[in-house]
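Q: Can we go through this one together? I have a few quick questions about it.

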Amino acid sequence: MSEPLLHVDDLTIVFPGGRGALPWQKLPDVRAVQHASLVIDAGDTLGLVGESGSGKTTLGRAVLRFLQPDSGSIRLGDFDVTGFGRRVPTAYRKSVQVVFQDPVGSLNPSMVVGAIIAEPLRIHFDMNAGAARNRAGELLEQVGLQRHHLDRYPHEFSGGQRQRIAVARALATEPDLLVLDEPVSALDVSTQSQVINLLERLQRETGTAYLLIAHDLAVVRHTCHRIAVMYHSRIVELGDADDICERPTHPYTDLLLASIPDPDPAVQKVKSQRRRELAQGIAGASGRAPADSCPFAERCPHALDVCRESFPEPVATAAGGTVWCHLHTSGPQLGGRPVSELSTRSNAVRDAVAREAVAAPDV
Ligand code: SF4
């Protein structure tokens, strides 16, 4: 079996607490990422999903080597990323590129688009001005824009077009890995689907692997081969995208899925009921779990006593993924089976509706 392209192992990132409102006050350290491990194969897409503050962007920034982790390791191909000194090799910058959420802030407003895209070409491929401009034109056409756009400024484009320019600039270095940090969340819904379709087409054409950071599980499911679900600095579930979305094994993933609106009123009714049931466990939660406990313990409708005492060990799921939840080893002992097996009436109804939807013939 070939080695994965990206290998993140037991990564921990802690931000030191700053000063409080009073001179003698010191705020506690912030554990942004704790013991995170994941792999991405060449040409694959891994979705890193979770709510704001879960640590997914911090993990992405560590892969980009914008910050140095406190412990653990990151390898990308032959690069020992955590072993870099203060200076990150130019070859690594060429191999890993990023598309940020806000295309307005990530494109230099004083440069024309041709110069923005030509800059990495001149740095990494030592191209002369003419060759760089010609290649920049090709890249613009590849992302669905035209050569005459080379001489325009970023403010002359719509949000979706600016994100296309950001993608063209990122692909200019022919990277092995593209970190996509919420690439569509600032765009309207119809533009979101255009950019997602563009990214999928470009991956088929170039073979670039993606680390897609998003809070929207619906977008991630549509785009990714595998998904890692993060909650409060911890990866809590990892596996094949379809398996996770159809048979979640972690209560937080179940809650995320129940939160996705469905156009079918029957399915939506069941989802709303499911969400209300899950929310009952959230009532009274303080949102502050002890550091070594399960971070979801204060919100989890299935929490056991052990959940407040220790973080769970990884358990292999029936579908071949990994889940970190005490339900699989204590209490009901799910042993890697879907959390829906903690059957409730709404689960049974939801499954029946899903079965009917699958069985219904296409018209
Ligand atoms: Fe809920 Fe416990 Fe599982 Fe955490 S470990 S998700 S609190 S059941």
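**A buried arginine and the cores**

Q: Where is the nearest side chain of opposite charge to Arg162, and is Arg162 buried or exposed?
A: In this predicted model, Arg162 is buried but has no salt bridge. The nearest side chain of opposite charge is Asp102, 6.5 Å away.

Q: Which helix is Arg162 in?
A: Arg162 lies in H6, which covers residues 159–171.

Q: And what does Arg162 touch?
A: Leaving out residues up to four places away in sequence, Arg162 touches Pro103, Val104, Leu107, Pro154, His155 and Phe157.

Q: Switching to the largest nonpolar core: which residues touch the most other members?
A: Ile117, Ile165, Leu217 and Ile227, out of 56 residues in that core. H6 supplies the largest share of this core, with 6 residues.

Q: Where does this core lie relative to domain 1 and domain 2?
A: Between them, because domain 1 (6–231) and domain 2 (247–359) both contribute residues to this core.

Q: New topic, Leu199. Buried or exposed?
A: Leu199 is buried, at a relative accessible area of 2%. Leu199 sits in helix H7, residues 189–206.

Q: What does Leu199 touch?
A: Val167, Leu180, Pro183 and Tyr210, again not counting residues up to four places away in sequence. Val167 is 32 residues from Leu199 along the chain, and their C-alpha atoms are separated by 8.3 Å.

Note on methods
Residues numbered from 1 in each chain as written. Predicted model: local features only at pLDDT ≥ 70, side-chain atom pairs only at ≥ 80, totals over all residues. Heavy atoms only, no water. Helix = DSSP H or I, 4+ residues; strand = E, 2+ residues; numbered from the N terminus. Buried < 20%, exposed > 50% of the residue type's maximum accessible area, 1.4 Å probe, protein only. Lys, Arg positive; Asp, Glu negative; His and termini not counted. Salt bridge = Lys/Arg side-chain N within 4 Å of Asp/Glu carboxyl O. Contact = heavy atoms within 4.5 Å. Core = buried A, V, L, I, M, F, W, Y, C linked by side-chain atoms within 4.5 Å. Domains from an automatic or database assignment.
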